[in-house]
Amino acid sequence: MLTVHLHHLLFHSYHGLYDGEERIGNEFEVNLDVSYEVSGEDLDNIKSLISYEDLYKIVQKRMEVPTPLLEELANGIMHKIKHQYARVESIRISIFKLKA
């Protein structure tokens, strides 16, 4: 099993429940681990692997959509990854609001 790790991804986004968070925004850190099975002969073929660049773009795009709850945000990222990559076996994600 392979795991793609993307850690300490920083975004200025507009998530939160409280007045003003949709205008001022906050700094967020996202950590993402995506695990999947791949056979040995596929390890030298980039098309058989899950691209960390594609995973980053999924996170980046979702972070641009203001969302009241971080749980909803994390679930949306996981859902998009699973939809795009059916062979994913596990996803671990953490999202931190750095200036709560």
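Buried means under 20% relative accessible area, exposed means over 50%, and partly exposed lies in between (1.4 Å probe, protein chains only). Keep those classes in mind for each stop.

This is a predicted model: local features need pLDDT of at least 70, side-chain atom pairs count only at pLDDT 80 or more, and totals for chains, interfaces and linings use all residues. Residues are numbered from 1 along each chain as its sequence is written, and side-chain values use heavy atoms, with hydrogens and water left out.

The tour follows salt bridges (a side-chain nitrogen of Lys or Arg within 4 Å of a carboxyl oxygen of Asp or Glu). The count by this rule is 3.

**Stop 1.** Select Glu22 and Arg23. Their side chains form a salt bridge, 3.1 Å from N to O. Glu22 is partly exposed at 47% relative accessibility. Arg23 is exposed, at 61%.

**Stop 2.** Now select Glu21 and Lys97. The closest N and O atoms of this salt bridge are 2.6 Å apart. Glu21 sits in helix H1 (residues 21–24) and Lys97 in strand S3 (residues 88–97), so the pair ties together parts 76 residues apart in sequence. Helices (H or I, at least four residues) and strands (E, at least two) are DSSP runs, numbered from the N terminus. Glu21 is buried, with 14% relative accessible area. Lys97 is partly exposed, at 24%.

**Stop 3.** Move to helix H2 (residues 52–63) and pick Glu53 and Lys57, which are 4 residues apart, about one helical turn. Their side chains meet in a salt bridge of 3.6 Å, N to O. Glu53 is partly exposed, with a relative accessible area of 45%. Lys57 is partly exposed, with a value of 45%.
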